[in-house]
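Me: I want to learn how to read charged pairs and helix packing in a model. Please take the features one at a time.

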Amino acid sequence: MDDPKGSVMELLNASLKSIRNEQGEIQTGPFLDTCRLTVKIIEKLGTAFYPAKADVSGNIERLSKRASEDPEGYELIFSIVTKEVEKGEHTGSSSATKGLLWLKRFLEFVVALLRHLDDPSASLYDAASKAYKECLQPFHGFLASTAFTVILNLCGSRGSFEEAVGPQKVDGGSQFDASPRKTFVTDFTPHLQSIHTFLVSNCLDDPAKV
């Protein structure tokens, strides 16, 4: 994927336009491109989030590698999972199915974090902590939950985060322009809901803790 110009939020919003094909189906390549851009948001949370970034990136590349095995057959993201289920290969921890499940959960965390920043009084820690409790903590055992709590306590400042993901107001002021963030939350959520519905309807939303 090329490295186009623009703020993280602007690039994310531009990428959303090509996720679905004319039939409304989620396309593997464009979806994973958006996911790679979302990793940049995780980067801006601070260096303590490197393990989370690595985990998310690993799930993205796991799906990308599987798609590369049959670009035409795996043009749609759900086709990768469907084929694994047919072969009985979907239950392993290294399966693409599990990769999509955990990728979806962490994307939900990112979206929830951005949504909680609608509260102008919320710190980055506040927003991230609420998002974690909603989206990831239910699937984390004691060790994983403890480790993530430590990471959350090392969040950077809200101002630094907002400046990093951009953009600033057009008039050159220092106040963060929240409209691109709100647009991303609104427009990306339906894609995650589609993935969630697919996984649940096929009994693939594994509730086991890690």
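Me: Is Glu 134 buried, partly exposed or exposed?

Reply: Buried means under 20% relative accessible area, exposed over 50%, and partly exposed in between (1.4 Å probe, protein chains only). Glu 134, at 43%, is partly exposed, and Arg 115 falls in that class at 37%. The model is predicted: local features need pLDDT of at least 70, side-chain atom pairs pLDDT 80 or more, while totals for chains, interfaces and linings use all residues. Residues are numbered from 1 along each chain as its sequence is written, and side-chain values use heavy atoms, without hydrogens or water.

Me: What joins the side chains of Arg 115 and Glu 134?

Reply: Side chains of opposite charge can pair when their charged atoms come close. Here they meet in a salt bridge, 3.4 Å from N to O (cut-off: a Lys or Arg side-chain nitrogen within 4 Å of an Asp or Glu carboxyl oxygen). Arg 115 is in helix H5 and Glu 134 in helix H6 (residues 124-135), so the bridge ties parts 19 residues apart in sequence. Helices are DSSP runs of H or I, at least four residues, numbered from the N terminus.

Me: Which residues does a salt-bridge network join?

Reply: Shared partners join Asp 33, Arg 36 and Glu 61. Within it, Arg 36 pairs with Glu 61, with closest N and O atoms 3.0 Å apart. Arg 36 lies in H2 and Glu 61 in H3 (residues 50-69), 25 residues apart. The structure holds twelve salt bridges.

Me: At what angle do H5 and H9 pack?

Reply: Two packed helices are described by the angle and distance between their axes. H5 and H9 pack at about 150°, axes 10 Å apart.

Methods:
Axes are lines fitted to C-alpha atoms, for helices over the stretch in contact, and angles run from 0 to 180 degrees between N-to-C directions. Helices (H or I, at least four residues) and strands (E, at least two) are DSSP runs, numbered from the N terminus.
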